[in-house]
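Please open the model in your viewer and keep the sequence panel beside it.

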Amino acid sequence: MTSQAKAAKIDPDRYTDERARAGSLTDELCAKLEAQIRSAELPAGSRLPPQKEIALAYNVSRTVVREAVARLSARGLTVSRQGAGVFVAETAEYRAFQITPDELHELSDVIKLLEMRLAVETEMAGLAAARRTTSDIGAIREALERMTEVEGDPRASAEADSAFHLAIAHATQNEYYVRFVEFLGLRLVPSRTLYLGDRPDEVHRSYAAKVLAEHEAIVDAIVRMDSAKAREAARQHMHESLTRHSTLSAALRMKSSRDDRKF
């Protein structure tokens with residue numbers, strides 16, 4: 001093996017880029033297969049083609065096929081029958097909306113979730129400002145204080161962040177907002193390690209301080225029962241998060257493109 005081949009074999013950046021490309025192929029294949037199921041091109045009870053056939057038909061590896069089929073299974077769209085293969089679930093068309101944890105391993109999926117949250121949380125904050133009680137304000141502030149206490153711990157910080165948004169959901173006095181936020185759980189808040197990685201502690205602290213300030217603006221508007229300002233503060237908070245992650249995604253795509261040209 002040449003030195004160049006050895007370097008390529010252990011290059012972590014190239015390995016990460018390859019994983020990203022495989023993840024994108026998995027996303028695309030999963031979407032295509034799901035569309036066939038939803039349109040009844042692959043009707044309920046029908047057997048999916050063997051993995052080898054799917055791989056050849058879509059020009060992807062069998063690993064990509066396995067991961068795509070696993071996602072369909074996690075969403076309740078397919079079922080495996082030992083010795084017989086994979087079949088479209090009889091109740092596939094009636095499956096409830098869900099976002100499975102395996103769908104949020106890629107940055108592109110996190111961005112899609114943030115886009116959805118931008119719409120939902122803007123109105124949620126407005127309703128919370130109009131309907132909040134004194135008890136609600138106490139719960140929201142308690143969650144905000146918890147975020148300050150654990151700002152040095154990304155995992156604990158994400159948990160406190162989720163609790164903060166759940167407290168706002170309760171303040172809407174609309175149980176569907178509560179159930180939606182509870183459904184997302186920790187998936188609601190992408191860990192800042194996804195965005196910052198292993199950058200220095202001071203960078204993490206600066207990031208945590210900025211996010212805290214964004215949350216404080218939301219709380220201030222809710223306390224004042226100013227629905228318009230609450231919506232604007234929530235929109236600004238979500239827009240900032242979406243911009244940060246979209247910028248990172250674009251930078252990674254450019255890096256991947258440059259690396260491809262090297263080889």
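Contact, as the word is used on this tour, means heavy atoms within 4.5 Å. The model is a predicted one, in which local features need pLDDT of at least 70 and side-chain atom pairs count only at pLDDT 80 or more, while totals for chains, interfaces and linings use all residues. Residues are numbered from 1 along each chain as its sequence is written, and side-chain values use heavy atoms, with hydrogens and water left out.

**The whole chain**

Begin with a cartoon of the protein, which has 11 helices and 2 strands; helices (H or I, at least four residues) and strands (E, at least two) are DSSP runs, numbered from the N terminus. Followed from the N terminus, the elements run α-α-α-α-β-β-α-α-α-α-α-α-α. If you colour by accessibility, buried residues make up 41% of the 263 residues, where buried means under 20% relative accessible area, exposed means over 50%, and partly exposed lies in between (1.4 Å probe, protein chains only). Of the contacts in the protein with a separation of 6 or more, 72% are accounted for by residues 24 or more positions apart.

Select Asp-27, which lies in helix H2 and is buried, with a relative accessible area of 17%.

With neighbours within four places in sequence left aside, Val-60 is in contact with Leu-25, Leu-29, Ala-55 and Val-65.

Now select Ala-40, in the loop between helix H2 (12-38) and helix H3 (51-58). The phi of Ala-40 is near 70°, a positive value in a residue other than glycine, and Ala-40 is partly exposed, with a relative accessible area of 48%. For background, most residues other than glycine have a negative phi.

Go on to Ser-73 in helix H4 (residues 62-74), which is partly exposed, with a relative accessible area of 37%.

Then display the side chains of Arg-81 and Phe-87, where Arg-81 lies over the face of Phe-87 at 4.1 Å from the ring centre. A charge sits over a ring if NZ of Lys or CZ of Arg is within 6 Å of the ring centre and within 35 degrees of the ring normal.

**Helices H6 and H7**

Select helix H6 (residues 134-149) together with helix H7 (residues 154-171), whose axes come within 8 Å and cross at roughly 170°; axes are lines fitted to C-alpha atoms, for helices over the stretch in contact, and angles run from 0 to 180 degrees between N-to-C directions. H6 and H7 are therefore roughly antiparallel to each other, a term for angles over 145 degrees. To see where they meet, show residues of H6 including Ile-140, Leu-144 and Met-147, and residues of H7 including Ala-160, Phe-164 and Ile-168. By class, the contact of H6 with H7 has 11 nonpolar, 1 polar and 3 charged residues, with Ala, Val, Leu, Ile, Met, Phe, Trp, Tyr, Cys and Pro counted as nonpolar, Asp, Glu, Lys and Arg as charged, and the others, Gly among them, as polar.

**From H7 into H8**

Select Gln-173, in the loop between H7 and helix H8 (175-184). Gln-173 has a positive phi of about 60° although it is not a glycine, and it is partly exposed, with a relative accessible area of 47%.

The last stop is Val-181 in helix H8, which is buried, with a relative accessible area of 5%. The C-alpha atoms of Val-181 and Ala-163 are separated by 9.3 Å, with the two residues 18 apart along the chain.

Key. Parallel < 35°, antiparallel > 145°, perpendicular 65-115°, else oblique.
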